[in-house]
Amino acid sequence: MSLMGGAVAGAVAPGAALADPQEPDLIVHNARVHTVDNAVPKAQAFAVRAGRFVAVGGEDIKSLAGKKTRSLDAKGMMVVPGFIDTHNHAGAGGIGNGYAGGEGLLYDVHVGNPYEVEQVSIASIIAKLKTKAATLPPGTWVLGNFLDDTKLADKRPLNVHDLDKVSADHPVMVVHRGGHTIFVNSKAFQLAGVTKATPNPFGGTFDKDGNGELNGRVTDRASAALLKVGKWEQFTPAQKEKRLLEGVAFISGKFAQYGLTTVHHNEDGALEAIQEQRRNGKLKHRVSYEARGDLLEAMIRNGMESGFGDEWVRLGATAEHAVDGSLSERTMAMRQPYIGMPASYHGNLTETQEDLNAWCERVHRAHIQLNCHANGDIAIDRTLTAYERALKLSPRANARPKITHCSQINPDLVRRMKALDVVPSMFSTYPYYNSDKFHFYGQETMQHMIAFRTLLDAGIKAAAGSDFGPGPFSPLMALQAMVTRTGWNGETWGASQKITLDEAIQVNTINGAYNSREEKDKGSITAGKLADFVMLADDLHAIAPEKIKDVKIVQTVVGGQVMYQA
Ligand SMILES: [Zn+2]
């Protein structure tokens with residue numbers, strides 16, 4: 001099955017002058033091709049040349065084969081366009097340490113499972129962190145990532161007393177995989193000068209237990225007080241470079257293994273390593289790189305617009321500009337109160353309307369695609385207000401402002417999104433992975449959350465955004481979640497938002513391409529587009545929906561090159 005292995009699209013072999021320049025490099029036949037192209041929805045075969053599809057149709061495509069053409073018999077397997085994840089913190093290295101590009105994923109302590117549903121014990125978390133603490137000098141942060149508060153076998157929250165057992169000399173931080181809350185020990189509070197009397201800052205909280213004592217949980221912008229104290233583990237420049245390069249290769253291999261061919265990266269500091277690994281042949285997926293900080297400023301100052309780059313590494317929208325907190329950690333800003341929390345609590349808004357307006361105007365005027373993180377209805381309303389203003393001040397076709405998550409909608413928000421051609425990047429795996437958190441919102445609210453049905457019906461091109469680390473990135477888990485709305489624990493939430501399998505495949509392919517304005521090149525198996533596709537062991541139409549996530553990825557191909565082979 002490795003007929004395409006090592007092929008370099010367009011490579012000219014000695015004696016190739018005699019070959020027909022139109023000859024395909026590859027023909028895949030005897031396949032159930034689900035093209036996601038309305039003009040030719042189903043096909044049996046396709047041909048690839050110079051990294052792009054050149055013909056899609058019936059078995060007669062085999063007659064295009066020349067001397068150099070490699071032929072692959074798919075043996076009746078299903079082939080779909082390569083999957084696209086439009087929101088992924090590929091770095092997933094927690095907060096504060098500046099890790100990027102898979103480095104944290106490869107080297108850090110994981111207190112939970114990044115990729116699949118798994119229950120862990122608090123004792124295992126303490127043990128892992130103790131082992132790490134023993135390798136670090138006192139005063140240095142001991143960091144644990146991928147905590148999921150609803151995947152704790154103990155059925156109670158992690159707290160400051162648990163983390164005090166790790167060390168009295170090291171500050172200890174466990175980062176929730178949602179990225180908006182951290183759990184710290186007493187040493188960390190002491191270094192930061194935070195006591196039970198410290199007031200909550202704007203946009204965050206130091207949480208207390210029933211006795212009014214700090215319980216160790218710190219939310220959203222309150223984390224800043226902790227992040228500025230203590231020392232972080234140190235690496236030499238050579239170690240740092242090696243970690244970054246290996247991290248990029250590691251995460252890229254993981255993406256290919258799960259069938260992703262394009263990922264929108266939402267991280268700092270990995271762009272150079274991504275390009276280096278591309279030169280080394282270790283980049284196995286295409287990158288839409290979403291800039292923030294220094295890189296975004298450099299783009300604005302120097303006239304680099306979204307779309308700069310090539311078909312492998314391209315600057316996309318901005319990184320998500322946070323307007324509110326998190327869905328999974330119950331800090332998103334919504335009008336209604338949270339179930340089981342004080343009626344006065346409506347989550348955290350992390351940006352004022354004026355600041356948001358100014359940021360959006362500045363970025364949009366620089367011809368950079370806007371992208372704000374907004375989960376709750378209040379935050380989406382605020383974001384749309386800023387987008388409407390920016391586009392009115394500086395009208396431009398195809399601006400397609402992006403909203404990351406866009407979780408809780410109502411008819412008015414949908415109407416405004418449609419008017420601006422907003423491209424939402426919505427949680428993809430959450431209805432499967434995070435079904436254990438939706439009781440905080442309740443069944444009625446969940447009928448309007450992660451609302452693929454409503455948005456597709458309104459003609460809005462909703463795309464899949466795993467938000468990895470917070471959510472697993474498996475596109476098959478995402479398809480299952482969208483089709484069933486049923487979680488790992490058997491609970492179904494917001495069943496009215498189910499979509500069909502074919503719609504879910506569109507969400508994970510062509511709508512992802514539209515999200516970064518690349519639909520001319522990606523998202524379907526269409527002659528002229530990049531030859532990115534995935535071969536699956538089972539036809540997804542022929543199996544029970546609750547088995548979709550376990551279907552074997554047989555092969556992931558990007559630009560005609562095999563990037564993963566089972
Ligand atoms: Zn995110």
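# Exercises on a predicted protein model

Val175 stands opposite Ile182 in strand E12. The model is predicted: local features need pLDDT of at least 70, side-chain atom pairs count only at pLDDT 80 or more, and totals for chains, interfaces and linings use all residues. Residues are numbered from 1 along each chain as its sequence is written, and side-chain values use heavy atoms, with hydrogens and water left out.

**Exercise 1.** Describe how strand E11 is paired and how it is covered.

*Solution.* Strands (E, at least two residues) and helices (H or I, at least four) are DSSP runs, numbered from the N terminus. Two strands pair if DSSP finds at least two bridges between them.

Step 1: find the partners. Strand E10 (residues 142-147) runs parallel to E11 and is joined to it by four bridges; in this pair Leu143 stands opposite Met173. Strand E12 (residues 181-184) runs antiparallel to E11, with three bridges. Four residues lie between the strands in the hairpin of E11 and E12, where Gly179 has a positive phi near 85 degrees.

Step 2: check the cover. Buried means under 20% relative accessible area, exposed over 50%, and partly exposed in between (1.4 Å probe, protein chains only). In E11 (residues 172-176), five of five residues are buried.

Step 3: sort them by face. In a regular strand the side chains alternate between the two faces of the sheet. Val172, Val174 and His176 lie on one side of E11, Met173 and Val175 on the other, and all are buried.

**Exercise 2.** State where Leu129 lies and which residues it touches.

*Solution.* Step 1: Leu129 belongs to helix H2 (residues 122-133). Step 2: Leu129 counts as buried because its relative accessible area is 0%. Step 3: contact means heavy atoms within 4.5 Å. Not counting residues up to four places away in sequence, Leu129 touches Val109, Val142, Leu143, Gly144, Leu163, Val166, Val172 and Val174. Step 4: His110 is 19 residues from Leu129 along the chain, and their C-alpha atoms are separated by 9.3 Å.

**Exercise 3.** Work out which residues coordinate the zinc ion and why the arrangement is called irregular.

*Solution.* Step 1: donors are N, O and S atoms within 2.8 Å of the metal (3.2 Å for Na, K and Ca); water is not among the atoms, so sites may look incomplete. The donors here are His87 (NE2), His89 (NE2), Glu320 (OE) and Asp467 (OD), at 2.0 to 2.2 Å.

Step 1: the donor residues are spaced H-x1-H-x230-E-x146-D in sequence. His89, in the loop between strand E8 (83-88) and helix H1 (103-107), and Glu320, in the loop between strand E17 (313-318) and E18, are 231 residues apart and link distant parts of the chain. Both His89 and Glu320 are buried.

Step 2: four donors count as tetrahedral if all angles lie between 85 and 135 degrees; four count as square planar and six as octahedral if opposite donors are over 155 degrees apart and all others between 65 and 115; anything else is irregular. The four donor atoms subtend angles of 80 to 171 degrees, so the arrangement is irregular.

**Exercise 4.** Is Asn348 buried or exposed, and where is it placed?

*Solution.* Step 1: Asn348 sits in the loop between strand E18 (321-322) and helix H9 (353-365). Step 2: Asn348 counts as buried because its relative accessibility is 7%. Step 3: leaving aside neighbours within four places in sequence, its contacts include Gly203, Thr219, Asp220 and Asp324.
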